[in-house]
Amino acid sequence: MNPETRLRLARWLVSIPAFFVMVVPPSVDWGTSHLMNPLWPPHARMHTAWLLVTNSMVMAMALVLIWRQRDTHNLLLGAALAAAPLLGFFVAAATRASYGGAFTDPNGVAVTAGPLDANLVASVSYTHLRAHA
């Protein structure tokens, strides 16, 4: 594979997860399972809105860097920026026992992929795809 083709493939392999993280969580979580859940405290809802908007903005900036110029420096910078929300998810998942966190809320709608939490499945899938970039 020539270097230009390899660079284009890497851009796509990093861009696809970034796009999905930019669009899917706000689309799913801006409903009654999270942000509009009347049982959630208002402060928790504010943090959720903040997280959703910030992650989408970070992913949008990453996509601009990835595609803006045809060099590996911007691709690497964009890839690193796009990795931050995914890494944050894994840290939050790994430490959830220390702060009483859970993958699902009994007052919300559990989103699963078979027996597994859909957020976990999606994050592992995105990370796997990025690893091949």
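A residue is called buried when its relative accessible area is under 20%, exposed when over 50%, and partly exposed in between, using a 1.4 Å probe and protein chains only. By that rule, 29% of the 133 residues in the chain are buried.

This is a predicted model, in which local features need pLDDT of at least 70 and side-chain atom pairs count only at pLDDT 80 or more, while totals for chains, interfaces and linings use all residues. Residues are numbered from 1 along each chain as its sequence is written, and side-chain values use heavy atoms, leaving out hydrogens and water.

**Whole chain.** Show the chain as a cartoon. It has five helices and two strands, in the order α-α-α-α-β-β-α along the sequence. Helices (H or I, at least four residues) and strands (E, at least two) are DSSP runs numbered from the N terminus.

**Confidence.** Colour by pLDDT, the predictor's confidence in each residue, from 0 to 100. The chain average is 86, and 88% of the residues score at least 70. Among the elements, α2 has the highest mean pLDDT (95), and strand β1 (residues 112-113) the lowest (61). Where pLDDT is low, the predicted coordinates should not be read in detail.

**α1 and α3.** Select residues 3-29 for α1 and residues 72-94 for α3; these helices pack at about 30°, with axes 10 Å apart. The axes are lines fitted to C-alpha atoms, for helices over the stretch in contact, and angles run from 0 to 180 degrees between N-to-C directions. Angles under 35 degrees count as roughly parallel, over 145 as roughly antiparallel, 65 to 115 as roughly perpendicular and the rest as oblique; α1 and α3 are therefore roughly parallel.

Now show side chains. On the α1 side are L7, A10, R11, V14, A18 and V21, which meet T72, L75, A79, A82 and L86 in α3; contact means heavy atoms within 4.5 Å. Of the residues in this contact, nine are nonpolar, one is polar and one is charged. Nonpolar covers Ala, Val, Leu, Ile, Met, Phe, Trp, Tyr, Cys and Pro; charged covers Asp, Glu, Lys and Arg; the others, Gly among them, are polar.

**S56.** Move to α2 (residues 42-68) and select S56. Is S56 buried or exposed? S56 is buried, because its relative accessible area is 15%. Apart from neighbours within four places in sequence, S56 contacts M22 and P26.

**N37.** Last, select N37 in the loop between α1 and α2. N37 has 2% relative accessibility and so counts as buried.
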